[in-house]
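Please read the following account with the sequence and the coordinates side by side. It moves from a strand pairing to the nonpolar cores, and then to charged pairs and backbone angles.

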Amino acid sequence: MKALLEKMEDLLEIGGTKKDITLLAISALSLVFSLAGFDALPFDAAWISTVLCGLPIILKAIAGLILRFDIKADVLVSMALIASVCIGEDFAAGEVAFIMQLGGLLEDLTASKSREGIEKLVSLTPRTARVIVDGAESVIPAEEVEVGALIRVLPGETVPVDGVIISGQTSVNQAVMTGESLPVDKGIGDEVSSGTVNQFGAFELRATRVGEDSSIQRMIRLVQSADAGKAKIVGIADRWATWIVVIALTAAALTWIFSGEIIRSVTILVVFCPCALVLATPTAIMAAIGNATSYGFLVKEGDALERLAAVKKIAFDKTGTLTYGVLKVEEVFSANKSLSDKELFSLAASCELNSEHPLGKAIVKSFKEKYGSQISQPEGFEMIPGRGVSALIDGGRIIAGNKKMLDEYSVDTKAVEAVAQKYIDLGCTLTYIAAENELSGFIALSDAVREESGQMIASIKELGVKPILLTGDNENAAKAKAKSLDINEVKANCLPEDKLEYIASLQKNNDLICMVGDGINDAPALKKSHVGIAMGGVGSDIAIDAADIAIVDDEIKNLPHLLALSKRMMRTIKLNLTFSMTLNFVSIILAIIGTLNPVIGALVHNAGSVTVVINSALLLKWRNKNDH
């Protein structure tokens with residue numbers, strides 16, 4: 001018997017949105033024919049709705065009761081259907097069945113979509129490694145690398161295991177781990193992580209963590225486990241179903257005992273059927289999702305807005321979220337009185353013209369945007385991985401790079417140290433320029449803050465939500481950006497597990513937090529948080545897949561509207577619930593005293609359902625009074 005019921009439950013789940021809509025359309029038509037007195041059929045047309053919509057409800061209620069003693073709204077609906085059919089009220093039965101299946105369809109439409117973030121993360125896992133044994137290089141599967149093995153990584157390749165560089169210099173793109181798009185210079189003694197990408201120079205490393213212990217595998221496990229403890233919100237109707245069933249049965253039984261009229265008892269069951277209660281939440285959610293869509297938000301989880309309404313804190317990643325994720329020249333400082341800032345800028349742009357490094361490209365792009373003039377083509381261009389570039393310009397040797405490069409060329413930088421430190425403290429990255437081994441000056445670059453970020457932070461504070469900066473960036477850059485945005489709480493130098501642990505620590509204290517991010521490194525935190533919001537334009541596919549909501553056009557300025565909308569949606573849901581419960585109890589009293597019969601009762605609570613839908617629909621065009 002148990003096996004048969006479980007099989008029946010599985011069969012009832014088979015179908016799809018198109019099938020459900022088709023059945024509802026046929027049922028609605030049958031109810032119209034029944035109400036119009038259509039008599040071409042040998043039975044009341046409402047029976048079509050009762051069978052198509054009502055039978056699945058009854059079968060699921062029976063299976064739930066027997067298999068798990070699971071009392072949901074379906075149980076009360078089934079009793080109302082059976083009672084209506086028993087006394088010949090066919091239209092009431094068909095109408096109740098139709099309304100309940102309509103509510104079920106709306107809930108399904110707001111359910112979560114399937115996601116493929118784990119599979120995409122797995123695709124980042126390096127497949128092979130270049131292992132060196134006795135001077136000979138061989139390519140083997142990455143999972144076969146042992147701790148202590150000597151590995152060679154060529155430019156453009158993904159680092160196969162965690163290790164320490166023992167020879168060579170390079171720049172490594174660590175976005176997968178830290179979210180920062182700017183490559184990090186690496187040399188002998190520096191650690192590198194699996195999954196990161198070698199940008200320029202070849203190097204050799206000694207493996208320290210391999211296989212399941214490697215960074216990329218730990219990331220995969222973090223994403224897989226982060227969502228496990230996130231409880232899904234149970235529907236209000238199902239949460240109250242047990243009490244509703246008890247009250248309805250008690251009221252119906254007592255009414256039958258004292259009045260002797262079964263018609264009154266059946267009417268109680270019909271009007272107590274939680275149609276409006278079932279519609280109260282999904283209709284409001286659907287309308288709010290429609291509103292959010294018009295503001296550029298893709299709501300991927302049906303209950304995401306319900307959860308968002310409860311958050312008191314929002315953690316922001318920095319790069320690509322509060323900032324554009326693109327380096328721009330902030331300052332050009334000439335240390336040579338005979339060299340103007342523009343001339344120094346032009347010299348740097350020429351030297352970097354053929355560079356593939358993001359810093360070099362940013363200098364060239366910023367010069368063109370500011371001056372639009374032709375950049376001189378350099379000669380004898382040379383790129384030094386992890387240091388900078390060197391080139392001949394008008395016959396003179398120009399170098400552009402970090403302080404390590406200038407030290408190697410014995411270029412004295414003391415004259416600009418005080419000024420340079422000021423920009424370093426602001427989170428800028430410096431490129432020093434020297435001509436013929438004499439310091440010419442430096443160029444400070446930084447990731448510019450989005451124009452709308454400041455106002456957005458101020459607006460969410462007005463809504464009573466506390467902003468937090470949670471970033472893989474260094475302490476100076478993080479604090480400088482946080483100060484400019486009036487964010488008081490900052491967590492810098494965060495790896496994916498650090499962000500995840502911070503989110504988890506807040507949740508242990510019942511602090512409901514939303515995470516906003518864009519990078520692969522944000523994926524675990526996006527999944528773990530009460531609500532995850534990803535940047536849909538600049539964000540990685542994995543971050544978007546891990547989030548509950550995506551900002552399609554990266555217009556983060558509309559985030560306060562989304563927060564306010566979620567709170568407005570919850571107020572609408574509570575109003576719907578209060579109205580539907582009040583209507584139900586008033587209808588019960590009228591049914592007890594004999595004023596309502598089953599058909600009128602069904603129409604009354606149907607009118608309540610329509611009222612709930614109309615009230616929810618008002619959310620479609622709702623605007624926050626503080627929207628700009």
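In which sense do strand β1 and strand β2 pair, and over how many bridges? This is a predicted model, in which local features need pLDDT of at least 70 and side-chain atom pairs count only at pLDDT 80 or more, while totals for chains, interfaces and linings use all residues. Residues are numbered from 1 along each chain as its sequence is written, and side-chain values use heavy atoms, with hydrogens and water left out. Strand β1 (residues 128-133) and strand β2 (residues 136-141) pair in the antiparallel sense over 6 bridges, where pairing requires that DSSP finds at least two bridges between two strands; helices (H or I, at least four residues) and strands (E, at least two) are DSSP runs, numbered from the N terminus. Valine 133 stands opposite alanine 136 in β2, and of the 2 residues between the strands of this hairpin, aspartate 134 takes a positive phi near 55°.

The largest nonpolar core has 82 residues, and Phe316 and Ile549 have the most contacts inside it. Such a core is a set of buried Ala, Val, Leu, Ile, Met, Phe, Trp, Tyr and Cys residues joined through side-chain atoms within 4.5 Å, where buried means under 20% relative accessible area, exposed over 50% and partly exposed in between (1.4 Å probe, protein chains only). Helix α23 (residues 559-592) contributes the largest share of this core, 12 residues. A second, separate core of 24 residues includes Ala348, Cys351, Ile363 and Ala391.

The whole structure holds 16 salt bridges, each being a side-chain nitrogen of Lys or Arg within 4 Å of a carboxyl oxygen of Asp or Glu. In one of them, the side chains of arginine 209 and aspartate 162 meet at 3.1 Å, N to O; because arginine 209 lies in strand β9 (residues 203-209) and aspartate 162 in strand β4 (residues 162-167), the pair ties together parts that are 47 residues apart in sequence. Arginine 209 is partly exposed at 36% relative accessibility, whereas aspartate 162 is buried at 1%. Another salt bridge joins lysine 499 and aspartate 317 (3.3 Å, N to O), with lysine 499 in helix α20 and aspartate 317 in the loop between β11 and α13 (318-322), so this pair links parts 182 residues apart in sequence. Lysine 499 is buried at 0% relative accessibility, and aspartate 317 is buried at 0% as well.

Most residues other than glycine have a negative phi. Serine 410, in the loop between α16 (403-408) and α17 (417-425), has a positive phi near 60° and is exposed, with a relative accessible area of 64%.
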